[in-house]
Amino acid sequence: MNLQISHEETNKVHYLTLSGEVDAYTAPKLKEMLVPLTEEKNTQIVIDLSNIDYMDSTGLGIFVGALKSTKKNDGTLKLRGMTERVKRLFEITGLTEVMDIDNEVKGEAR
Amino acid sequence: MSNKASDFIEMTVPAKTDYVGVVRLTISGIANRMGFAFDEIEDIKIAVSEACTNVVNHAYTDSEKGQIRIGCGVYDNRLEIMVVDHGKSFDYDDVNKSLGPVEGKSVEQLNEGGLGLFLIESLMDKVEISGEAGVIVMMTKYLHRDEVEENVDRTSPAPTQ
């Protein structure tokens, strides 16, 4: 019941790889890492979710907040590698319409 | 359809995010034992976590040391989960009786949970909310043991509200 976050920066693109659980308990850790990145000007963030075992609306809320913040600062936020479970959450809530999602790259590739 | 739970499990945990995952795992164990499919168990885990997270975020002021009470009724054909945010240790049958259909007002009050409550309603088969003694969220998931693919539409997007 925890969340690991790894962060790499290549050619000014921030790559975050999340593994474990995103819920109300682990949310502050994710926010702490993600929010400052979204506040940079023209930032590009790519978040890999392929190793997320569990996520609920707390996680959805964080990504919505991050999307708003990156847009405000002329940046981009991309989510990729969602498992079927996580994808379903975005679909149910209609967030697939607003988020930039690329699930072509699966977790096994990394 | 039986109306008496064959087993009843009650849990009380502090209203802190630390324990939401503990509740989730416990419920997951119960659902697994009952024979729910993997996807159904995941749905139940999310719904229960959402209800508990709502309690943590909204039920108590910072100075209050609140509790979350969770009651699980195990039936032949379904799992009923009740998440209650304050009041005394509850009598499951009594509380059960006081629940009616969702009424506009109490949902409105709970809506600050936003996506959370919406997810609960999407993922569970039946959801009832009562606002009389604190907030009670009662959710039911039916066992579909002998039915073939009745959830064909499960990945379709929700209708716009």
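What is the mean pLDDT of chain A, and what percentage of its residues reach 70 or more? The mean is 90, and 94% of the residues of chain A reach 70 or more; pLDDT is the predictor's confidence in each residue, on a scale from 0 to 100. The model is predicted: local features need pLDDT of at least 70, side-chain atom pairs count only at pLDDT 80 or more, and totals for chains, interfaces and linings use all residues. Residues are numbered from 1 along each chain as its sequence is written, while chains are lettered from A and ligands numbered from 1 in the order in which they are written.

Chain A contains 3 helices and 5 strands. Helices (H or I, at least four residues) and strands (E, at least two) are DSSP runs, numbered from the N terminus. Read from that end, the elements of chain A follow the order β-β-α-β-α-β-α-β. Confidence in chain A is highest in strand 2 (residues 13–22), at a mean of 96. It is lowest in strand 5 (residues 100–102) of chain A, at a mean of 88.

The overall dimensions of chain A were examined next. The C-alpha trace of chain A spans about 30 × 30 × 30 Å along its principal axes. The radius of gyration of chain A is 13 Å, which agrees with the value near 13 Å for a compact globule of 110 residues. That radius is taken over C-alpha atoms, and the globule rule is 2.2 Å times the number of residues to the power 0.38. In chain A, 38% of the 110 residues count as buried. A residue is buried if 20 or more other C-beta atoms lie within 10 Å of its own, exposed if 12 or fewer, and partly exposed in between, with C-beta atoms placed from the backbone. Of the contacts in chain A between residues at least 6 apart in sequence, 70% join residues at least 24 apart. Two residues are in contact if their C-beta atoms, placed from the backbone, lie within 7 Å.

Most residues other than glycine have a negative phi. A:Asn11 is not a glycine, yet its phi is positive, at about 45°. A:Asn11 sits in the loop between strand 1 (3–10) and strand 2 of chain A. A:Asn11 counts as exposed because it has 5 C-beta neighbours inside 10 Å. A:Asn42, also a residue other than glycine, has a positive phi near 50°. With 10 other C-beta atoms within 10 Å, A:Asn42 is exposed.

Chain B has 5 helices and 5 strands. From the N terminus on, its elements run β-α-α-β-β-α-α-α-β-β. Of its 161 residues, 35% count as buried. Of the contacts in chain B with a separation of 6 or more, 65% involve residues 24 or more positions apart.

The 5 strands of an open sheet in chain B lie in the order 1-2-3-5-4, with antiparallel pairing. Two strands pair if DSSP finds at least two bridges between them. From one strand to the next, the twist averages 15°. Helix 2 (residues 38–59) of chain B packs on the sheet and touches strand 2 (67–74), strand 3 (78–84) and strand 5 of chain B. The direction of helix 2 makes about 15° with that of strand 3 of chain B. Axes are lines fitted to C-alpha atoms, for helices over the stretch in contact, and angles run from 0 to 180 degrees between N-to-C directions.

Strand 5 (residues 136–142) of chain B pairs with strand 4 of chain B in the antiparallel sense over 5 bridges. B:Ser130 has B:Ile136 as its bridge partner, and B:Val127 has B:Met139. Strand 5 of chain B also pairs with strand 3 of chain B, antiparallel, over 7 bridges. There, B:Val84 stands opposite B:Ile136. Strand 5 of chain B is largely enclosed by the rest of the structure, because 5 of its 7 residues are buried.

The contact between the chains takes 19 residues from chain B and 17 residues from chain A. On the side of chain B that touches chain A, helix 1 (20–34), helix 2 and helix 5 (115–123) of chain B are the elements that give two or more residues. Helix 2 of chain B provides the largest share, 7 residues. The residues on this side of chain B comprise 8 nonpolar, 7 polar and 4 charged. Ala, Val, Leu, Ile, Met, Phe, Trp, Tyr, Cys and Pro count as nonpolar, Asp, Glu, Lys and Arg as charged, and the others, Gly among them, as polar.
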